[in-house]
Amino acid sequence: MWDDTGKEYVDACSGAVICNIGYGNPRIANAIAEQARETFFAYRTQFENEPAVRLATELVAYSAPHLNRVFYVSGGSEAVESAMKLCRQYYYNKGEGSRYVFISRTPSYHGSTLGSLALTSYAPLEIPFRPIIRTYPKIPAPYCYRCAYHREYPECDLACARALEKTILEQGPENVAAFVVEPIVGASIGALVPPEDYFSVIQETCRKYGIFLILDEVMTGFGRTGKLFAYKHWDIEADIVALSKGMTSGYYPLGGIMTRNSLVDEVMGSGGFAHGHTYAGNPMACAVGLEVLRVITEEHLSENAAGMGRLLKAGLKDLEERYGIIGQVRGKGLLLAIELVKDRDTREPFPAEKDVNLLLTDEACDEGLIIYPRRCINGLSGDHVLVAPPLIVNEDQVYEIVDRLDRALKRVMKKL
Ligand SMILES: Cc1ncc(COP(=O)(O)O)c(C=O)c1O
């Protein structure tokens, strides 16, 4: 990318981890032009439109066999909130109206609207709004580097996953609607991959108490982690999957949820889903989504993310060896992060007021590298940056990213 002074940037975080197919793809420009000559808008209660139907058909074909229904929205927060409301209406229709508790994790980010924010645990985004956000229970994320129980995997016996059962029992299983979780944590902790057996415990617990498992794949979907959807790494059988970001790769606003027949049939059986947005299933957005999905699959971008992700991770690990302020390199595919620490042995974070995540981001920007800064201790302290370039990245560009990051780290060391 180039700014208005002509300075060149390598975007190593795909905007907000969204531009999976990269910028300026002519196939998308053509798809937009073609669709613009057909229909810009058709209201969903009056007409179906071809791009929406085609995209849903292709999404179903690429998804787990039980995920055969699609509901469109225009972004990630709307997708997460639609998942919550679909669950809630399902239980309401079935006469299980006591089920309205949603359990999620801390830290986490699921969106900025009031419902999705109620699932989120990231203090700076919550504090101003606490009186108007519903309080839902949270369990600790599997953040082994900073284990909430001060234990080590596997000796811990996955205490963080087992906390789900404890929380369900505390709430009363008859009151719990769903557990909401990102398969691989994106922004709030920084590319956190759970231990291999984490999701089998989660899945078993959800099944045991008959609660829904909602996967938030807003950041992880569409090839980002090396598979088209991150749930494919562990064959997680989610009841609902929330999608957005890479779905249109930034070329148009679009989101959606995918779910199973039984949920939709129950809700549609008595008057339909009491929820929806005017722009849902917009033909322009769906035409873009369809072409983006074709680019991802035809150009094997999930596979490229897996391969280039390994190379980039190796480059970041090399930086870890050379810079004592890198506490951990983590992630999968092209969703990677480095956590920065004051003391690598004790894992002590930098003082929050030093804002080291922003310092590194600013120095990287001066070096013409865009990365994504966040704080990993519930948004209050701890520093990490996401390194998540578009999935079209090639070997030379990976080396360029590592070089620029190297130069940025050198500058940070001088300033600390
Ligand atoms: C995991 C996750 N869920 C939900 C959202 C919210 O998406 P949006 O910003 O499109 O509303 C985000 C955005 O970063 C996200 O990363």
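1. Let's start at Ser 116. A polar atom of the Ser 116 side chain sits 3.4 Å from the backbone nitrogen of Ser 112. Keep in mind throughout that this is a predicted model. Ser 116 belongs to helix α5, residues 114-119, and counts as buried because its relative accessibility is 0%, where buried means under 20%. Setting aside neighbours within four places in sequence, its contacts are Ser 77, Val 80, Glu 81, Met 84, His 110 and Gly 111.

2. The residues around the ligand include Ser 77, His 110 and Gly 111. Also in the surrounding set are Gly 75, Gly 76, Tyr 109, Glu 182, Asp 216, Val 218, Met 219 and Lys 245. Gly 76 uses its backbone, with a polar atom 2.8 Å from a ligand oxygen. On its own the ligand would expose 390 Å², and the protein buries 81% of that.

3. Now have a look at Lys 7, up in the segment before β1 (10-11). Lys 7 is partly exposed, at 27% relative accessibility. Where does its side chain go? One backbone oxygen it reaches is that of Cys 365, at 3.3 Å. A polar atom of the Lys 7 side chain is also 2.8 Å from the backbone oxygen of Asp 366. Beyond its neighbours within four places in sequence, Lys 7 contacts Met 1, Trp 2, Cys 365, Asp 366, Glu 367 and Gly 368. Lys 7 and Glu 367 are 360 residues apart along the chain, yet their C-alpha atoms are separated by 9.9 Å.

4. Asp 366 and Glu 367 turn up again in a charged cluster. Together with Glu 363, Arg 407, Arg 411 and Lys 415, they are linked in a network of salt bridges. The whole structure holds 30 salt bridges, and a few others deserve a visit.

5. The pair I'd click on is Arg 146 and Glu 339, a salt bridge whose closest N and O atoms are 2.8 Å apart. It links distant parts of the chain, 193 residues apart: Arg 146 is in the loop between β4 (138-140) and α7 (159-171), while Glu 339 is in strand β10, residues 335-340. Is Glu 339 buried or exposed? Buried, because its relative accessible area is 0%.

6. Two other salt bridges are spaced along a helix. Glu 170 pairs with Lys 166, with the closest N and O atoms 3.3 Å apart. Both are in helix α7, and because they are 4 residues apart, about one helical turn separates them. Glu 170 is exposed at 54% relative accessible area, and Lys 166 is exposed at 55%.

7. In helix α13 (residues 395-415), Glu 400 and Arg 404 are also 4 residues apart, so about one helical turn separates them. Their salt bridge has its closest N and O atoms 2.8 Å apart. Here Glu 400 is partly exposed at 31% relative accessibility, whereas Arg 404 is buried at 9%.

8. On the surface, check the nonpolar patch made by Phe 40, Phe 41 and Tyr 279, which has about 370 Å² of accessible area together. Tyr 279 comes from the loop between α9 (261-268) and α10 (283-298). At 56% relative accessibility, Tyr 279 counts as exposed.

9. Finally, some backbone geometry to look over. Most peptide bonds are trans, and most residues other than glycine have a negative phi. Against that background, the bond joining Thr 106 and Pro 107 is cis, with omega about -10°. Pro 107 sits in the loop between β3 (101-106) and α5. Tyr 153 to Pro 154 is cis too, with omega near 5°, and Pro 154 is in the loop between β4 and α7.

10. As for phi, Asp 235 has a positive value, near 50°. Asp 235 is in the loop between β6 (212-216) and β7 (240-243) and is exposed, at 67% relative accessible area. Arg 347 also has a positive phi, about 65°. Its loop runs between β10 and α12 (356-366), and Arg 347 is partly exposed, at 33%.

Key:
Residues are numbered from 1 along each chain as its sequence is written. This is a predicted model: local features need pLDDT of at least 70, side-chain atom pairs count only at pLDDT 80 or more; totals for chains, interfaces and linings use all residues. Side-chain values use heavy atoms; hydrogens and water are left out. Patches are made of residues with over 30% relative accessible area and no salt bridge: like charges are joined within 9 Å, nonpolar side chains (Val, Leu, Ile, Met, Phe, Trp, Tyr) within 5 Å. Accessible areas come from the Shrake-Rupley method with a 1.4 Å probe; for residues, only the protein chains shown count as cover. A salt bridge is a side-chain nitrogen of Lys or Arg within 4 Å of a carboxyl oxygen of Asp or Glu. Buried means under 20% relative accessible area, exposed over 50%, partly exposed in between (1.4 Å probe, protein chains only). Contact means heavy atoms within 4.5 Å. A polar contact is a pair of N or O atoms within 3.5 Å; within protein, one must be able to donate a hydrogen and the other to accept it, and residues adjacent in sequence count only if both atoms are side-chain atoms. A residue is near a molecule or strand if one of its heavy atoms lies within 4 Å of it.
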